[in-house]
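Please look over the sequence and the structure shown here before reading the notes on them.

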Amino acid sequence: MTLASRSVIGMRVDAASCDETTRQTSIWAREGHSSYVCVANVHMAMEAFDSASFRRIVNDADLVVPDGRPLVWALRWLGVRGAPQARGADLLVYLVENAARAGIPVGFYGGTPESLEALVRVLGERFPGLEVACAISPPFRELTEQEDEAYVRQIRASGARILFVGLGCPKQEMWMARHRGSIPAVMVGVGAAFDFCSGRIRQAPGLLQKAGLEWAYRLSREPRRLWKRYLKHNPRFAAMLALQILGLRTY
């Protein structure tokens, strides 16, 4: 699959839709290909800008799809006509629906036991043919080497060929990069999509999503947790992207 890509303030973004990502992921999953997909937004772009090591992790991913609407606009402003959006929650549903139809076993890693239980139940009701090979909720603290190895053995033994990773950015991207080659599955970092798809957290209305204001809706729902992230990242992203588009700075 050949996709248009652009560097957005130094982070690679591929113009991949949910359909295109699903087709490629399905091929890799059937082959048992160990790979990882980053579902990128402004937060990830700024984490990559601020950390050279994290930037390498994202730019080395097998796919970096545009989750956030501002990244879609950035692709278009940088010359990719009709660049699509692949929201994490939408992508999870696309991949699960295809996996249920194609008989591809999936796994989930991250979240709380309650969120995973709700997610597996909702997806099982919606897609009766879905094979959930594993659903693992690791501790939120840093794992010991022995604990991590035990989880990897569990994932490998389960036979999961698509592994949805919901540890949050940048932790999930670092985890996927570290385990590429040891887990024979396509790892997809989907952040908060576990809670969105299970209905535990309400998603922004469609009009706000299209207007690029999903962040504002999320901020209104979780101000104490998210205000520092958005205050720190969003204005800086807008300023640096403007300089790039105007040709006043390269990254």
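The structure is a predicted model, and its protein chain has 12 helices and eight strands. Of the 251 residues in this chain, 48% count as buried.

**The chain as a whole**

- When contacts in the protein chain with a separation of 6 or more are considered, 73% of them are between residues 24 or more positions apart.
- The protein chain exposes about 11,800 Å², and carbon and sulfur atoms supply 52% of that area.

**The nonpolar interior**

- As a general background, nonpolar side chains in soluble globular proteins tend to be buried together.
- The largest nonpolar core in this model has 40 residues, of which Met11, Tyr109, Leu163, Trp175 and Phe237 touch the most other members.
- Helix α2, which covers residues 42–50, provides the largest share of this core, namely five residues.
- Another core, which lies apart from the largest one, consists of 35 residues, and among them are Leu63, Ala100, Leu123 and Phe196.
- Once the neighbours within four places in sequence are left aside, Phe237 is in contact with Val8, Ile9, Val42, Ala45, Met46, Pro70 and Leu71.

**Helix α4 and Trp73**

- Trp73 is placed in helix α4, which is made of residues 69–77.
- Is Trp73 buried, partly exposed or exposed? Trp73 counts as partly exposed because its relative accessible area is 27%, a value that lies between the 20% limit for buried residues and the 50% limit for exposed ones.
- Although Trp73 and Ala83 are 10 residues apart along the chain, their C-alpha atoms are separated by 7.8 Å.

- Leu243, Leu246 and Leu248 together make a nonpolar surface patch of about 320 Å².

**Cysteines**

- A disulfide is a covalent bond between the sulfur atoms of two cysteines.
- How many disulfides does the structure hold? The structure holds zero disulfides.
- Cys18 is buried because its relative accessible area is 7%, and Cys197, with a relative accessible area of 14%, is buried as well; both values fall under the 20% limit that is used for buried residues.

Methods
Residues numbered from 1 in each chain as written. Predicted model: local features only at pLDDT ≥ 70, side-chain atom pairs only at ≥ 80, totals over all residues. Heavy atoms only, no water. Patch = residues over 30% accessible without salt bridge, like charges linked within 9 Å, V, L, I, M, F, W, Y side chains within 5 Å. Areas by Shrake-Rupley, 256 points an atom, 1.4 Å probe, with all protein chains shown as cover. Salt bridge = Lys/Arg side-chain N within 4 Å of Asp/Glu carboxyl O. Core = buried A, V, L, I, M, F, W, Y, C linked by side-chain atoms within 4.5 Å. Buried < 20%, exposed > 50% of the residue type's maximum accessible area, 1.4 Å probe, protein only. Helix = DSSP H or I, 4+ residues; strand = E, 2+ residues; numbered from the N terminus. Contact = heavy atoms within 4.5 Å. Disulfide = S-S within 2.5 Å.
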